[in-house]
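Student: Could we go through this model together? I would like to begin with the overall picture and then turn to details.

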Amino acid sequence: MDDQPEWGHGIVPPDCDTAWMRYIKNLTIHDSAPLFLGKSENNWVSEKTQTLDFFLPDSPGVVRQAKWSHLVAVFRAEKDKLLKLSKLTSAAINPSNIEKQKVSLCCQVFCDETIAALETHSVTKEVSSDTVSFLKIITKFWKIVNCKSPSSHLRFRDSNRCPVYSVNDESLQFLEECSTLASFMDCVNSSIRIRSLTHDTSRSWKWVCCSLSALCHYLLTTVNYFRHDYVMLGFFQQDDLEEQFGHFRQSRGGCYYITYNDVSQTHNIDRTIQLLQQNFEVSSSEENHNCSVFCDETIAALETHSVTKEVSSDTVSFLKIITKFWKIVNCKSPSSHLRFRDSNRCPVYSVNDESLQFLEECSTLASFMDCVNSSIRIRSLTHDTSRSLEVGVLFTISFVPLTFYKSLIFLARFCHCWVFFNKMIWKNSLVTLDSLEADDII
């Protein structure tokens, strides 16, 4: 990042017009929550004198000092009282290494309640003006970058929580000022840090301000379909990812340090729960797929059972088509037709092979079973399912003359999920990605 130009409010970074085109480049944005809030508090607490030098935007020539001791004084004065002015707790004042990464504890320090307590408490109101000013800067920054609702400024009666509506918005001007402040608070000598932030923290803070400013400028001024009427900066965070990791940790007994096996086991449990919620059986066949419906045993049962043998001829024919299709596209061994004594499991040896002719027939059938009206589906497949089958089959048929083996492998993997889709749509069930195996998705 050292080679990046100094760009901020109103200045478009290089290639910003194409920054969101995934085939060109991406605009890197650091996560503002754990990266800045946690590290800023950590830098403040871990500094030798627990003091940080800074300046106010309206008076850049005057150096001020924010002292952690003022927060400690307020906490000690209130810890034995039932009614408190601040939200400060012991974990927020003396955090452990893991607790320093918790945004909830950081928000106990950087919040309006703590600012009001420092301004009004008899212990600190005469000496904590600089500390209050620093807390106001960080709190305002957090409110701006954590906006997630277009009406949050109305709900909380706080203009700092308002989305960005214009490139001349006051929030973007404040981000530019924070970028300048981050450069001032940077540690000149990385080995000796005196009343300053670490080099990584200050550079990250500056990068967040610059990238969010450029992002808003692009989204509000571009002429293509990416143009927005307003921008809520709180959505450019990795809260969903953090929530998922929190779920993994809680599933392993609240252990912070989880392993790959812990994540895999938790994922399998979640997948099993979702499979059971779909109300269809989970089979453990040799092919590791749920073929309890589309199989020879089910077909034989319908043909021979006294309850269904007289009325299920059409259903049997449909099951035979799907079962034959599955056997063809799931061929993974040149000798599988010998092992199972089933010619449908034979590899494709010629462009005139019966299997390819059957796939052409399946393509025609998929077109016939397509849902004409996507909003109303009557005795048909969904449009996505029928089109997926038709495209996969036609692509494979056209690709077979080039290379038999690779194309058949592609078709098998392309249509791996199709039996599941067909079965679940037949039963009018909801299909989710988590209900499919990772090996089923290309």
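Student: What should I know about the model before reading it?
Tutor: It is a predicted model, in which local features need pLDDT of at least 70 and side-chain atom pairs count only at pLDDT 80 or more, while totals for chains, interfaces and linings use all residues. Residues are numbered from 1 along each chain as its sequence is written, and side-chain values use heavy atoms, with hydrogens and water left out.

Student: What is the average pLDDT of the protein chain?
Tutor: The average is 77, and 76% of the residues score at least 70; pLDDT is the predictor's confidence in each residue, from 0 to 100. Over residues 397-442 the pLDDT is below 50, and this stretch has 99 contacts in the model beyond near neighbours in sequence. A contact means heavy atoms within 4.5 Å.

Student: And the secondary structure, how many helices and strands?
Tutor: The protein chain has 18 helices and two strands. These are DSSP runs numbered from the N terminus, with helices being H or I of at least four residues and strands E of at least two.

Student: How much of the chain is buried?
Tutor: Buried residues make up 44% of the 442 residues. Buried means under 20% relative accessible area, exposed over 50%, and partly exposed in between, with a 1.4 Å probe and protein chains only.

Student: Which residues touch the most other members of the largest nonpolar core?
Tutor: They are Trp44, Leu71, Phe134, Phe141 and Trp205, in a core of 51 residues. Helix H1 (32-46), S1, helix H2 (68-78), helix H3 (90-93), H5, H6, H8 and H9 each supply at least two residues of this core. Such a core is a set of buried Ala, Val, Leu, Ile, Met, Phe, Trp, Tyr and Cys residues joined through side-chain atoms within 4.5 Å.

Student: What does Leu71 touch?
Tutor: Not counting residues up to four places away in sequence, Leu71 touches Trp44, Leu88, Ile93, Val109, Thr114, Leu118 and Leu135.

Student: Moving to H6, how many of its residues are buried?
Tutor: In H6, 13 of the 17 residues are buried, and the helix is mostly covered.

Student: Which residues of H8 are buried?
Tutor: They are Ser171, Leu172, Phe174, Leu175, Cys178, Ser179, Leu181 and Ala182. Seen down the axis of H8, these buried residues fall within an arc of 165°, so they line one face of the helix; the arc is that of the directions from the helix axis to the C-beta atoms.

Student: What do they pack against?
Tutor: The buried residues of H8 pack against strand S1 (51-56), helix H6 (129-145) and helix H9 (199-221).

Student: Where does Ala117 lie, and is it buried or exposed?
Tutor: Ala117 belongs to helix H5 (residues 112-120) and is buried, with a relative accessible area of 0%. Ala117 touches Val74, Leu85, Ser86 and Thr124, leaving aside residues up to four places away in sequence. Ala117 and Ser86 are 31 residues apart in sequence, yet their C-alpha atoms are 5.6 Å apart in space.

Student: Now the backbone, what is the phi of Gln50?
Tutor: Gln50 has a positive phi of about 55° although it is not a glycine. Most residues other than glycine have a negative phi. Gln50 is found in the loop between H1 and S1, and at 27% relative accessibility it counts as partly exposed.

Student: What about Arg341?
Tutor: Arg341 also has a positive phi of about 55° and is not a glycine. Arg341 lies in the loop between helix H14 (336-339) and helix H15 (354-368), and is exposed, with a relative accessible area of 81%.
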